[in-house]
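Colleague: Could you walk me through how the helices pack here, and how you know it?
Modeller: Happy to; let's look together.

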Amino acid sequence: MTSNYRSWPMILALGVVTIPLVLMYVYLFVDTVTNTAPGSVVPHEFTGEHWRFLWETLPGRPSIYVATLNTFVFATATTLIVLAISSTAGYAISRLNVPFRAFFLAGVMVLHAFPTVTLIIAIFLILQFIGLYNTLIGVILVKAALELPFGIWIMKGFYDTVPWEIEMAGIQDGASRLTVWRKLVLPQVMPAVMALGIFSFLAGWSEFILPLVLAPDNKVQVLSVYLAALIADDNNFDMALFKSVGVFYVVPVIIMFLFFQGKLMSIYGGGTKG
């Protein structure tokens, strides 16, 4: 009881900070389904016209469902590549006597800290040279490559926390190194795998610069580029429509956070060893 009483000031302080943010998002949604008179903040009528992008294709823009599918494919493929490579590379660095291991780890951190925008011209030229410019697969490979340093470092840290005795027991029973990794070690770091997967998916879902520069065509346009094009269109600018598409874009992220917030926090429980 005393502990609960002492926690009330913290709960109150967090509530004071959080309530305005929640009200802001609530008002944003209400604003997308209502019309408000100029100079007023109180809606005077309900309307669905601001969500017309759901049943009609906007001039000069792809279908919202094409953009949504492209975004989902982009985020999902990026996540799968990052998980597959990070989970194996992190294990190799953590457990195997890899040559130049310290140098490689330092390089991974440098790559993770390196600003993406400084590489954009070189990446653009490379994709043009290999024929993957303006394709979804090209931007997926680039995004996955840029997310890998973070994924490898995190997974390596989690593997460091797994006791050697688990692997030794499996090897003594005659299991191969691959079987030991797949059946004994990987389940121990599954919270990290899930958290890394969520982070990678959200990073892909919210990516803007790479799709804008490397895949600008309407056929491969993602939601972030679709949204930016609406506010850049001076001839058909519609703030209410822009806000509605923004709500449509952010809803999956909010839902994912509500369901997986516990998994996201687990990434801070490991991955701290160098």
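Modeller: H2 passes H8 in a right-handed crossing. Bear in mind that this is a predicted model.

Colleague: What makes H2 and H8 a pair in contact, and which residues are involved?
Modeller: Contact means heavy atoms within 4.5 Å, so the residues listed for this pair meet that cut-off. Among them are Thr68, Phe72 and Leu83 of H2, along with Val193, Phe201 and Trp205 of H8. The residues of this contact divide into nine nonpolar, eight polar and no charged.

Colleague: At what angle do the axes of H2 and H8 cross?
Modeller: They cross at roughly 145° and come within 8 Å.

Colleague: How confident is the predictor in H2 and in H3?
Modeller: Confidence is highest in H2 (residues 64–95), at a mean of 93, and lowest in H3 (residues 101–113), at 77. The protein chain averages a pLDDT of 84, and 93% of the residues score at least 70.

Colleague: What does Tyr226 touch?
Modeller: Leaving out residues up to four places away in sequence, Tyr226 touches several residues, including Phe53, Leu58, Arg61 and Val245.

Key:
Residues numbered from 1 in each chain as written. Predicted model: local features only at pLDDT ≥ 70, side-chain atom pairs only at ≥ 80, totals over all residues. Heavy atoms only, no water. pLDDT = per-residue confidence, 0-100. Helix = DSSP H or I, 4+ residues; strand = E, 2+ residues; numbered from the N terminus. Axes fitted to C-alpha atoms, helices over the stretch in contact; angles between N-to-C directions. Left-handed = near helix turned anticlockwise from the far one by under 90°. Nonpolar A, V, L, I, M, F, W, Y, C, P; charged D, E, K, R; others polar.
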